[in-house]
Amino acid sequence: MKLFLGLLVVFSSSFSLAECTDRDAKAASDEAAQKYVAGKTFKRAMVLKRHLPSKRKEVASYLYVKSDDLYYTVFSLVNSKCEAQVIKRTNGKH
């Protein structure tokens with residue numbers, strides 16, 4: 001019985017390592033958003049939601065575009081391999 005519980009703990013911990021960490025998800029989202037809008041981050045990204053079946057995270061990145069003098073929020077989905085895909089952005093605000 002103890003062996004079974006030990007194996008269960010080992011396997012469950014190895015599955016949790018497959019998910020992208022919040023820190024890595026924020027960095028991937030910021031990088032994708034900077035390429036998308038061509039701006040610089042002015043505030044730390046935030047993980048808004050975690051989609052449980054797919055283990056994707058919805059992350060908000062906050063960017064400032066100097067040429068337009070506008071601030072944008074860019075939303076991305078980050079998968080378990082820490083690959084970000086931009087899904088939408090807000091209209092720029094002053």
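A disulfide is taken here as a pair of cysteine sulfur atoms within 2.5 Å. The legends below describe a predicted model.

**View 1. The disulfide of C20 and C82.** The sulfur atoms of C20 and C82 lie 1.9 Å apart, and the two residues form a disulfide. Under the 2.5 Å cut-off, the count for this model is one disulfide. The link of C20 and C82 is right-handed, with 110° about the S-S bond.

View 2. Is C20 buried or exposed? C20 is buried, at a relative accessible area of 5%. C82 has 25% relative accessibility and counts as partly exposed. The cut-off for buried is under 20%, so C20 with its 5% falls within that class.

**View 3. The four-stranded sheet.** Four strands make an open sheet in the order β1-β2-β3-β4, and their pairing is antiparallel. β1 (40-51) and β4 are the edge strands; each has a single partner, so one side of each lacks a neighbour in the sheet. On average, neighbouring strands are turned by 25° against each other, direction ignored.

**View 4. Pairing of β3 with β4.** Five bridges join β3 and β4, in the antiparallel sense.

**View 5. S61 and its surroundings.** S61 belongs to strand β2. Its relative accessible area is 0%, so S61 is buried. Two side chains make polar contacts with the side chain of S61. The S29 side chain is joined to that of S61 by a polar contact of 2.8 Å. The D30 side chain also has a polar contact of 2.8 Å with the side chain of S61. Leaving out residues up to four places away in sequence, S61 touches S29, D30, A33, A45, Y72, T73 and V74.

Definitions and conventions. Residues numbered from 1 in each chain as written. Predicted model: local features only at pLDDT ≥ 70, side-chain atom pairs only at ≥ 80, totals over all residues. Heavy atoms only, no water. Buried < 20%, exposed > 50% of the residue type's maximum accessible area, 1.4 Å probe, protein only. Pairing = 2+ DSSP bridges. Helix = DSSP H or I, 4+ residues; strand = E, 2+ residues; numbered from the N terminus. Axes fitted to C-alpha atoms, helices over the stretch in contact; angles between N-to-C directions. Polar contact = N/O pair within 3.5 Å; in protein donor to acceptor, adjacent residues only side chain to side chain. Contact = heavy atoms within 4.5 Å.
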